[in-house]
Amino acid sequence: MKRIILTGGGTAGHVTPNMALIPFLKEEGYDIQYIGSYNGIEKKLIEEMGISYHGISSGKLRRYFDLKNFSDPFKVVKGYAQASHLIKKMRPNIVFSKGGFVAVPVVLAAKRHHIPVIIHESDITPGLANKLCIPSATAVCCNFPETLKHLPEDKAVLSGSPIRQELFAGNREEGLRLCSFDGTKPVLLAMGGSLGAVAINNALRSNLEELLKQFDIIHLCGKGNYDSSLENMAGYKQFEYAKAELTHLFAASDLIISRAGANAICELLALKKPNILIPLPAAQSRGDQLLNAASFEKSGYSYVLQEEELNDDTLLRAIQYVYDEREEYIQALKESKLNDSIAIIMDLIRKYAKEKR
């Protein structure tokens, strides 16, 4: 029996690429096991897919001072022992890691047991967890050409990000129906992640009157950001969070405003959606979204608007510009070489799992 262990967690971005691979792994007869944290977001998402899930202790490795820095190393050591026990018991052919701190003990334990490991790095520069894992990896996949210079040359593979196939199954008419739109106007979709983005929400809502003259608007505003005073506004539909309906909302959209998280923008690339990226500022992150957005802008996939420059005038001008030039953006998106990620990663899994057998 071929067996693979998937790992990764902490955020949805560390889980959804694994979820995208699962149907293809099943087709090839793999027994799929997942190692994640006890109660992370990955547990619910993976168990809903009917995959065997194994929780281990997980600590966070911080670059800043925190009292938990004194206790979390012990959690990592415990997680390593648990992962080592699971790997010895399950004897997988290969491990695929999407990253996050829970993946560190799994990858290190796999190396101890001489199990090939494939890592996927979403951002342009590897995060701390993946930096710790790269020496133990057999191959390291990445989304951006710029990432290759940060990786060992003999391990680096430019693959793009695995995209869930259900995202391609959306129906435009169903998306319009969910929003009570009649389809006579182009549709603008704005989103800021599962928790929303205050700057994007505020900028969009302050310009609704002007934008609704030209567009119908879908607003994924994030948990706790629903504005009931706008509930019955014609042409404007709010969702705190979209799950099953998301694929239809994407299908209905002609232009998308988004943060610049790696997985989110790779989905926009795969769906060939003209987009405006408003990356998380450096003061609120390690700067990965700024680099991601700059790469997509350089490739002609996106228009980038910095949050510090976001106001009524810049937002309206950006939306009008991208909509007017939408065909050029769509053509650039179609010409991308990062649209075969699942095929590339599955080839690597076959190669290294075969060597293990």
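Select F144, F296 and Y301 to begin: these residues make up one aromatic cluster. Rings of Phe, Tyr and Trp (its six-membered ring) pair when their centres lie within 6.5 Å, with planes under 30 degrees apart counted as stacked, over 60 as edge-to-face and the rest as tilted. Before you go further, note that this is a predicted model, in which local features need pLDDT of at least 70 and side-chain atom pairs count only at pLDDT 80 or more, while totals for chains, interfaces and linings use all residues. Residues are numbered from 1 along each chain as its sequence is written, and side-chain values use heavy atoms, leaving out hydrogens and water.

Stay with F144. It lies in the loop between β6 (139–142) and β7; helices (H or I, at least four residues) and strands (E, at least two) are DSSP runs, numbered from the N terminus. F144 counts as buried because its relative accessibility is 1%; buried means under 20% relative accessible area, exposed over 50% and partly exposed in between, with a 1.4 Å probe and protein chains only. Show its surroundings next: setting aside neighbours within four places in sequence, F144 contacts S122, D123, I124, L158, I265, N292, S295 and F296, where contact means heavy atoms within 4.5 Å.

Now turn to the aromatic pairs, of which the structure holds 5. Colour Y34 and Y53: their rings are stacked, at 5.9 Å centre to centre and 15° between the planes. Because Y34 belongs to strand β2 and Y53 to strand β3, this pair ties together parts that are 19 residues apart in sequence. Both Y34 and Y53 are buried. Return to F144 and F296 for an edge-to-face pair, with 5.9 Å between centres and 65° between the planes. F296 sits in helix α11 (residues 288–298) and F144 in the loop between β6 and β7, so their pair links parts that are 152 residues apart in sequence. F144 and F296 are both buried.

Next, bring up the sheet. Its 7 strands form an open sheet with parallel pairing, in the order β3-β2-β1-β4-β5-β6-β7; two strands pair if DSSP finds at least two bridges between them. At the edges you will find β3 (52–56) and β7 (156–158), each pairing on one side only. From one strand to the next, the twist averages 25°; axes are lines fitted to C-alpha atoms, for helices over the stretch in contact, and angles run from 0 to 180 degrees between N-to-C directions.

Which strands does helix α1 touch? Select residues 16–27 and you will see this helix packing on the sheet against β1 (3–7), β2 (31–37) and β4, its direction at about 170° to that of β1. Helix α4 (residues 103–112) lies across β1, β2, β3, β4 and β5, and runs at about 155° to β4.

Zoom in on β4 (residues 94–97) and β5 (residues 117–121), parallel strands joined by 3 bridges. F96 has I118 in β5 as its bridge partner.

In β5, pick H120. At 0% relative accessibility, H120 counts as buried. Its side chain meets that of N143 in a polar contact of 3.2 Å (a pair of N or O atoms within 3.5 Å; within protein, one must be able to donate a hydrogen and the other to accept it, and residues adjacent in sequence count only if both atoms are side-chain atoms).

Finish with R326, whose charged end sits over the ring of Y323, 3.9 Å from its centre (NZ of Lys or CZ of Arg within 6 Å of the ring centre and within 35 degrees of the ring normal). The charged end of K237 is likewise placed over the ring of F239, 5.6 Å from its centre.
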